[in-house]
Number of protein chains: 2
Amino acid sequence: MARTRDALTPDRVLQAALTLADSEGLEALSMRRLGTELGVEAMSLYRHVPSKEALLDAMVDAIVVSWVDPADNTAGDWRTRLGAIMHRAHATLLARPWAVELVTMRPRVGEGRLRYAETITSALLEAGFTPQLAHHGLHIVDGTIMGFTAQQARRPTAAALGDRVQALYDGHLADDYPGISITIREHHDHAEEYALMVDLVIDGLSRLRDGLMPPRSGSGARYVLSLA
Amino acid sequence: MARTRDALTPDRVLQAALTLADSEGLEALSMRRLGTELGVEAMSLYRHVPSKEALLDAMVDAIVVSWVDPADNTAGDWRTRLGAIMHRAHATLLARPWAVELVTMRPRVGEGRLRYAETITSALLEAGFTPQLAHHGLHIVDGTIMGFTAQQARRPTAAALGDRVQALYDGHLADDYPGISITIREHHDHAEEYALMVDLVIDGLSRLRDGLMPPRSGSGARYVLSLA
DNA sequence: GGTGTATGCTTACGCCGTAAACTATGACAC
DNA sequence: GTGTCATAGTTTACGGCGTAAGCATACACC
């Protein structure tokens, strides 16, 4: 076989995996399918990738690292920088809805995720956050991106939404769900909603840093477990 | 076969599925395995459940509906009621880490999820939020729960975290990741962190309602797509 | 030319969800 | 009691999955 020409490489496999997922979704990404896509048998991929899991982890890392742009690492207000990251992350995940599952669920932390975490953390530290609060801030930002994006990326295929929801749109069930029946009619701009959330979070972080958050009830420690 | 005694029912199947997932994780939940758990062949389950997908959806609904307790639907400040839901949701998801994937990724909206959405929505409407803002509020609360919980439920099995992270704990890589190297040493109380986030969100919602959020940059519309 | 090694192929195993056909049970009508 | 029927469970089978093990080929270097 041609060793030099057109040789498979880990990166070619990774790129092909991203492309395949982009065009046909994550459930279409099987090793066999990925093989055919590269004109090769499934088992050949294992010369370049230790396992499918590792491949998925590599995909995650490639995506997450794209959220931080070295260009805005140093310049500008921390608020602007964080906002940029949050919006960029949101945009890429909306463009790759299949990635949401991967990015939110895979625990492995690679270089890309570290870079991303470092960018946010150091931005907060430079902005005068205590290490403790910067740590919390990283998780707050990260959680916001994941949670909010997951929600919007969840396919509203309508048909798959459930009959009840359709009934709601049709104006029925107003007795059972009065609140939703009202709000469901609102014009709903996803982008605006996310921007609102980003502002809310950044403003909240700012107020936390400055000790402006009103003291509140407590830790929620009463809500531990039960498993019915 | 005994038609009356010990008969399988959709609910028995659902309960068994929840139990199995609780004890062995979501990846152990196969129809075959669930069958043996119930002393029955896999195919028998299909008399009571249309498909595995439907079963998973039922599991989601059962979990989500448990987040809202009729008892605190009407009583108390809206802040308290929302906080209760958020903490309860977080607690149940931490007790059932496998459920995070299901709850965040499955688009189907059943009765349970509707009940949950209705509770939050009507609480906000009653608190004087505009329908538009109540709608946003629902998504903000929902996204917060999902995102933050997903993050904490992501197994920190340490071994599976990645070598770099271990190196960071050991104090290496401080040059590459100065910020993280500082914050990683902090005492890290998950419960406290979530409580902080809950307060941040509720405070933010309150400020949104009262028009106290400072005007900000914009929608992030510049961060659309690219797919490298 | 011979050897070593890298690359890809073949085969096979044990899982998975589920379609289709079959069987055994009890309920009920006469 | 006998015949009919619906219901609940079983059996078998299909096409997919990830990947372990072993084989074949072709180049690089001596």
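Where in chain B is the place of Leu173(B)? The place of Leu173(B) is the loop between α8 (163–169) and α9 (178–183) of chain B; the tour returns there at the end.

**Before you start**

This is a predicted model, in which local features need pLDDT of at least 70, side-chain atom pairs count only at pLDDT 80 or more, and totals for chains, interfaces and linings use all residues. Residues are numbered from 1 along each chain as its sequence is written, while chains are lettered from A and ligands numbered from 1 in the order in which they are written.

**Stop 1: chain A**

Select chain A and show its secondary structure. There are ten helices and zero strands, where helices (H or I, at least four residues) and strands (E, at least two) are DSSP runs numbered from the N terminus. Of the 228 residues of chain A, 42% count as buried. A residue is buried if 20 or more other C-beta atoms lie within 10 Å of its own, exposed if 12 or fewer, and partly exposed in between, with C-beta atoms placed from the backbone. Two residues are in contact if their C-beta atoms, placed from the backbone, lie within 7 Å. Among contacts in chain A between residues at least 6 apart in sequence, 68% join residues at least 24 apart.

Now pick Asp11(A), in helix α1 (residues 10–24) of chain A. Asp11(A) counts as exposed because it has 11 C-beta neighbours inside 10 Å.

**Stop 2: the core**

Next, select Ala17(A), Ile120(A), Ala17(B) and Ile120(B). These have the most contacts inside the largest nonpolar core, which has 122 residues. A nonpolar core is a set of buried Ala, Val, Leu, Ile, Met, Phe, Trp, Tyr and Cys residues joined through C-beta atoms within 7 Å. Stay on Ile120(B): leaving aside neighbours within four places in sequence, its contacts are Leu82(B), Ile85(B), Leu138(B) and Val141(B).

**Stop 3: helix α5 of chain B**

Which residues of helix α5 (residues 98–105) of chain B are buried? They are Trp98(B), Ala99(B), Val100(B), Val103(B) and Thr104(B). Their cover comes from both chains, including α5 (97–105) and α7 (131–153) of chain A, and α1 (10–24), α3 (52–65), α4 (78–95) and α7 (131–153) of chain B.

**Stop 4: where the chains meet**

Show both chains. In all, 81 residues of chain B are in contact with 79 residues of chain A. On the side of chain B that touches chain A, α7(B) gives the largest share, 16 residues. That side divides into 39 nonpolar, 26 polar and 16 charged residues. Here Ala, Val, Leu, Ile, Met, Phe, Trp, Tyr, Cys and Pro count as nonpolar, Asp, Glu, Lys and Arg as charged, and the others, Gly among them, as polar. The copies meet through the same surface, because 98% of the interface residues of chain B are also interface residues in chain A.

Chain B is superposed on chain A by a rotation of 180 degrees with 0.0 Å of shift along its axis (RMSD 0.0 Å). The two copies are therefore related as by a two-fold rotation axis. Superposition is by least squares on the C-alpha atoms of residues with pLDDT of at least 70 in both copies. To find the axis, select Gly147(B), whose C-alpha comes closest to it among the residues of chain B, at 1.6 Å.

**Stop 5: back to the loop**

Finally, select Leu173(B). Its phi is near 65 degrees, a positive value in a residue other than glycine. Leu173(B) is partly exposed because 18 other C-beta atoms lie within 10 Å.
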